[in-house]
Amino acid sequence: MRATIVTQTIDHDSLLREVTDERRGASALFLGTVRSINDGREVRAIEYSAYEDMAEREMMAVLREAESQFAGTRLVAEHRIGLLNVGDVSIAIAAAHEHRSPALDALRYAIDEIKTRAPIWKREHYVDGSEAWVDPSHAVTR
Amino acid sequence: MLITVRLFASYADKLGIRDTSLNLPDAARVTDALFSITSLPGRESLPRNPLVAVNQVYASLDTPLAAGDEVAFIPPVAGG
């Protein structure tokens, strides 16, 4: 189990290799990427920042909970901070288990909890030159 | 007693500070730290009940503080 805040490109293949072994026949990967449209506005880039030590601690707590609820699952997560362009991967979580259901369920639990608990923020940079902090409590979709 | 206050993202922008030290009475709670950093003239206010953490663990405005604590006021999180 590992949760890390990084500043470089996420190598998601290495995350998969980290959780997979001969006994775990099911691997699942979640990637979050910067998309070009949010709330109808054209996005050029997103600047991510974090309370880094606490974010890693909270991500680790989430992974620990997931591994506890879905026994036998192994998880790793990386969240990137800094200025990311459209299409860049901001978060990657890999899960592996002997069977697919616990791997997928643990992955779903991990991304949902990390999004609501890890102290990480994003400021969107729009194509028109303006910028705004994102407040998901005002969002209509997850 | 001296505590450290950390602000991030939109809250840091609103108050114009990121990290600062406060000298609070010994029986102070998180709410006293919040009042202290938002009561200076010209400062924009934060929400009345923001997310807070003490020493990197989520806490509440009623959480008692000790000397050396690190209090963080946490804007709505938006990771992923």
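A:Phe30 is found in strand S2 of chain A. The model discussed here is predicted.

Trainee: Is A:Phe30 buried, partly exposed or exposed?

Mentor: Buried residues lie under 20% relative accessible area and exposed ones over 50%. The relative accessibility of A:Phe30 is 29%, so this residue counts as partly exposed.

Trainee: Which residues does A:Phe30 touch, not counting residues up to four places away in sequence?

Mentor: A:Phe30 belongs to strand S2 of chain A, and this strand runs antiparallel to S7(A), with eight bridges joining the two. One of those facing positions is A:Ser27, which stands opposite A:Ala96 in S7(A). With residues up to four places away in sequence left out, A:Phe30 touches A:Ile91, A:Ala92, A:Ile93, A:Leu107 and A:Ile111.

Trainee: Which residue in S7(A) is the bridge partner of A:Ala77?

Mentor: Strand S5 (residues 74-80) of chain A is joined to S7(A) by six bridges, and the two run antiparallel. Within S7(A), A:Ala77 has as its bridge partner A:Ile93.

Trainee: Why is strand S7 of chain A described as largely enclosed by the rest of the structure?

Mentor: Strand S7 of chain A covers residues 89-97. It is largely enclosed because, of its nine residues, the number buried is nine.

Trainee: Which parts of chain A does the salt bridge between A:Arg2 and A:Glu18 tie together?

Mentor: The closest N and O atoms of A:Arg2 and A:Glu18 are 2.8 Å apart in this salt bridge. A:Arg2 is partly exposed at 24% relative accessible area, and A:Glu18 is partly exposed at 32%. The two residues are 16 apart in sequence, so the pair ties together strand S1 (residues 2-6) and helix H1 (residues 12-19) of chain A.

Trainee: Are A:Arg117 and A:Glu58 buried or exposed?

Mentor: These residues form a salt bridge, with their closest N and O atoms 3.1 Å apart. The pair links helix H3 (residues 100-117) of chain A, which holds A:Arg117, to helix H2 (residues 52-69) of chain A, which holds A:Glu58, across 59 residues. The limit for a buried residue is under 20% relative accessible area. A:Arg117 has 16% and A:Glu58 has 11%, so A:Arg117 is buried and A:Glu58 is buried.

Trainee: Is A:Asp128, which meets A:Arg41 in a salt bridge, buried or exposed?

Mentor: The side chains of A:Arg41 and A:Asp128 meet at 3.2 Å, N to O. A:Arg41 lies in strand S4 (residues 41-50) of chain A, whereas A:Asp128 lies in the loop between strand S8 (120-126) and strand S9 (131-133), 87 residues apart. A:Arg41 is partly exposed at 33% relative accessible area. The relative accessibility of A:Asp128 is 57%, so A:Asp128 counts as exposed.

Trainee: Which residue of chain A meets B:Asp13 in a salt bridge?

Mentor: The count between chain B and chain A is one salt bridge. A:Glu47, A:Glu131 and B:Asp13 are among the members of a network of salt bridges. At 3.5 Å, N to O, the side chain of B:Asp13 meets that of A:Arg123.

Trainee: How do the residues on the side of chain B that touches chain A divide into nonpolar, polar and charged?

Mentor: The contact takes 19 residues from chain B and 23 residues from chain A. Chain B and chain A bury about 1,800 Å² between them, with 58% on carbon and sulfur atoms. Eleven residue pairs are in polar contact between the two chains. The residues on the side of chain B divide into eleven nonpolar, five polar and three charged.

Notes. Residues are numbered from 1 along each chain as its sequence is written. Chains are lettered from A and ligands numbered from 1 in the order in which they are written. This is a predicted model: local features need pLDDT of at least 70, side-chain atom pairs count only at pLDDT 80 or more; totals for chains, interfaces and linings use all residues. Side-chain values use heavy atoms; hydrogens and water are left out. Contact means heavy atoms within 4.5 Å. Buried area is the accessible area (1.4 Å probe) that two parts lose on being put together, summed over both. A salt bridge is a side-chain nitrogen of Lys or Arg within 4 Å of a carboxyl oxygen of Asp or Glu. A polar contact is a pair of N or O atoms within 3.5 Å; within protein, one must be able to donate a hydrogen and the other to accept it, and residues adjacent in sequence count only if both atoms are side-chain atoms. Ala, Val, Leu, Ile, Met, Phe, Trp, Tyr, Cys and Pro count as nonpolar, Asp, Glu, Lys and Arg as charged, and the others, Gly among them, as polar. Buried means under 20% relative accessible area, exposed over 50%, partly exposed in between (1.4 Å probe, protein chains only). Helices (H or I, at least four residues) and strands (E, at least two) are DSSP runs, numbered from the N terminus. Two strands pair if DSSP finds at least two bridges between them.
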